[in-house]
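Please keep the viewer open beside the text.

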Amino acid sequence: MPAPHPADTHDLIRVRGARENNLQDVSLDLPKRRLTVFTGVSGSGKSSLVFGTVAAESQRMINETYSAFLQGFMPSLARPDVDLLEGLTTAIIVDQERMGANVRSTVGTATDVNAMLRILFSRLGQPHVGSPNAFSFNVPSVSGAGAVTFQKDGKEVKERRDFSVTGGMCPRCEGMGQVNDIDLSQLFDDSKSLVDGAITVPGYVPEGWYVRIFIASGLVPGDKPIREFTDTERHDFLYREPTKVKIENTNMTYEGLVPKIQKSFLSKDRDAMQPHIRAFVDRAVTFTPCPECGGTRLSEAARSSKVGGISIADACAMQINDLAAWVRGLDEPSVAPLLTALSETLDSFVEIGLGYLSLDRPSGTLSGGEAQRTKMIRHLGSSLTDVTYVFDEPTVGLHPHDIQRMNDLLLRLRDKGNTVLVVEHKPETIAIADHVVDLGPRAGTAGGTIMFEGTVADLRASDTLTGRHLDDRAHLKDAVRTPTGALEIRGADSHNLQGVDVDVPLGVLTVVTGVAGSGKSSLIHGSVAGRDGVVSIDQGAIRGSRRSNPATYTGLLDPIRKAFAKANGVKPALFSANSEGACPTCNGAGVVFTDLGVMASVASTCVECEGRRFQAAVLELRFGGKNIAEVLALPAAEAAEFFGAGEARTPAAHAILERLVDVGLGYISLGQPLTTLSGGERQRLKLATHMGEKGGIYVLDEPTTGLHLADVQQLLGLLDRLVDAGRSVIVIEHHQAVMAHADWIIDLGPGAGHDGGTVVFEGTPADLVAARSTLTGEHLAQYVGA
């Protein structure tokens, strides 16, 4: 037998001595061209190994092949903390990050389908209205004329030139699809004068600059109630164009209140606003579809050009599986390659279970799972082989019925000769792995070691946490709770809901389920979440910089700072690393960053405070025998004991810490940067924060995201405790253990998009299993072994 070719011996990715985040000197070999699943509790180091080490180094090395000039425009990536990485291939990362919530981004623009459609309509559309730009709602129509000067034969020549660009943007709403209307009653109290604090907008206090400019401008009286203003004064107060005025010998710009608010609040991304400003905008501003373009974002000319009686606006509003059928029906040899490419992309949507979306759906409204699958579309038909695909929980947001399709896709990518690395908790996906790597034993500092490597069969036989829980099956409850009332929903019709009437029982655990796209979120977030007394915990990502940590995010730092200040007779601001107590050398960051241009900036621990973030004088002040840095280094469970009794007893801090322990985050330290938390940990941190809000009804959107099989049991215990404390809990969920544990199930379907939007079952889990009348019923029956 001839010796193998040297090139065929490179069939492993070798990792030696990985120490990124909480990894404890991890070494392993990953087989190439195989499907490897990484398991372990949330926070055990899976993402640090897969994303932070293997994928990060692959991307960094690819970036280094570009010129220094190009690298200057790319994100600079630091080298992971690892001794050796061998056998890497190009990594393509498909993560769960929500797609940009830019108001101009839609499913069509994010996946390049709109670009292909625009070319199609510019070639075939009748009447012809222009180039592909004429069908883009991001390109305004502009025209102009003027003199241009240029050099010709050594002489300076002037010529008159005209130019025009035909864009597809609706001029009224500027391609946004909606116009905003401001409720003036939410901006001011017309019975008061400006001096008395008539303006009720956040930040507009009578002694502040904003209001002083109004009063000192001479355009509006400061001491007269607003209802007594003349028409001119009222117009100047609300709508005056920017005008230069002199105030206290300083030139200032005076502007009416409404345009000022539009610039300062309405031009920002709503999700990035502080909570109190977001609440004000929600109160004061109503968004309505643009009357001119009917919410399509497109100009009249773009809507008038049609192919087979269909305009580009109609095509984008169609459900994608209908649009795919329409494109297949077009027989135009002149654009045959374009039609083939467009058909393949649209078929990929259908195949991946997103055929129920439409191209005009804003990309910011997609759930984490939908966003991840949308990003997968560009890789499905790819001719690339021998690349490493890295997936972060690809089954998030998928009904058991859809998980089978996702598994088939992962196997197809592998069978094309690619290495597929998947971080996953669902047993259905772990089962298809060629190779399993289990990290643990627990999370945070108690994790970061490899507990098991091998096949799924060997994992089952192993005594690891994942192995023991892999075949866990929840049982239907013997007795369900009796509702104390009902929340009525009548005629719900947002998105794909078809006039749904349903009563959601109160005082019990209700699970709303159904295939992805059946209308679960539309029903609950559209008809329940905005009501009084409802605390809604959605899937939105936690926003936080490396200066944020669990103590600042949960509001825990406030009572701790006050307790330290009172005990030492000083100001609370001294005990904040973002304020007066910060170490002057690193400004309270604990690390000093050295910028090396195109190379990744280097972070080194601050020599002055040794990473503790506070001034030396602050660290001498103690409370209960510990300084502020020592308290922030405590795990939440130890901190709960510390603040729960003895001389450090602080009830306000103890209550927040108890909630952190309740959601299973007792191991994270209070000062750990938010940027180092895993997806599952962030989800639970958010849950702990919202649990402190006053409300009788809790709405949870897929709380099992990022949870290990062993942690699901703890979540069910938490939901039980909430219900037993007199709260009503409504959970949107696909996890069968949560369904089996419910008192009442509302199942939507039967399909997705326009094939869904109706209630196909409501009743107890036992009735659902007995009837097996829906997809959910069939899968739940298999799960509980009925």
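Let us begin with a charged pair: Asp503 and Arg490 form a salt bridge, with their closest N and O atoms 2.9 Å apart. A salt bridge here is a side-chain nitrogen of Lys or Arg within 4 Å of a carboxyl oxygen of Asp or Glu. The two partners are 13 residues apart and link distant parts of the chain, with Asp503 in strand E19 (residues 500-506) and Arg490 in strand E18 (residues 485-492). Strands (E, at least two residues) and helices (H or I, at least four) are DSSP runs, numbered from the N terminus. Asp503 is partly exposed at 33% relative accessibility, and Arg490 is also partly exposed, at 47%. These words follow relative accessible area: buried is under 20%, exposed is over 50%, and partly exposed lies in between (1.4 Å probe, protein chains only).

A word on the background: this is a predicted model, in which local features need pLDDT of at least 70 and side-chain atom pairs count only at pLDDT 80 or more, while totals for chains, interfaces and linings use all residues. Residues are numbered from 1 along each chain as its sequence is written, and side-chain values use heavy atoms, leaving out hydrogens and water.

The whole structure holds 35 salt bridges. The table sets out three of them.

| Pair | Closest N to O distance |
|---|---|
| Asp503 and Arg490 | 2.9 Å |
| Asp190 and Arg227 | 3.3 Å |

Which parts of the chain does the pair of Arg19 and Asp81 tie together? Arg19 sits in the loop between strand E1 (12-18) and strand E2 (26-31), and Asp81 in the loop between helix H2 (68-71) and strand E4 (82-86), so the bridge ties together parts that are 62 residues apart in sequence. Arg19 is partly exposed, with a relative accessible area of 30%, and Asp81 is partly exposed at 37%.

The bridge between Asp190 and Arg227 links distant parts of the chain, 37 residues apart: Asp190 is in the loop between strand E8 (178-182) and helix H5 (209-216), and Arg227 in the loop between H5 and helix H6 (231-239). Asp190 is partly exposed at 29%, whereas Arg227 is exposed at 55%.

Elsewhere, salt bridges join into a network that links Lys477, Arg481, Asp720, Asp724 and Asp743.

**Helices and what covers them**

Helix H12 (residues 336-351) has 16 residues and spans 22 Å from its first C-alpha to its last, close to the 22 Å expected at 1.5 Å a residue. The expected span is 1.5 Å times one less than the number of residues. Among the buried residues of H12 are Leu338, Leu342, Leu346 and Phe349. Their cover includes helix H3 (107-110), helix H4 (113-124), helix H11 (320-328) and helix H13 (368-380); contact means heavy atoms within 4.5 Å. Gly353, with a positive phi near 85 degrees, follows H12.

Helix H20 (residues 557-568) has twelve residues and reaches 16 Å between its first and last C-alpha, close to the 16 Å expected. Its buried residues include Leu557, Ile560, Arg561 and Phe564. Helix H19 (550-553), helix H22 (628-632), H23 and H24 are among what covers the buried residues of H20. After H20 comes Gly569, whose phi is positive, near 65 degrees.

How do H23 and H24 themselves meet? The axes of helix H23 (residues 636-644) and helix H24 (residues 651-662) come within 9 Å and cross at roughly 150 degrees. That makes the two roughly antiparallel, a label for angles over 145 degrees. Residues in contact include Ala636, Ala640 and Phe643 in H23, and Ala653, Leu657 and Val661 in H24.

One joins Gln126 and Pro127, with omega about -5 degrees, and Pro127 lies in the loop between H4 and strand E6 (142-152). Another joins Gly749 and Pro750, with omega about 0 degrees.

Two residues other than glycine have a positive phi: Asn21 at about 50 degrees and Arg613 near 80 degrees. Asn21 is exposed, at 52%, whereas Arg613 is buried, at 14%.

Note on methods
Axes are lines fitted to C-alpha atoms, for helices over the stretch in contact, and angles run from 0 to 180 degrees between N-to-C directions. Angles under 35 degrees count as roughly parallel, over 145 as roughly antiparallel, 65 to 115 as roughly perpendicular and the rest as oblique.
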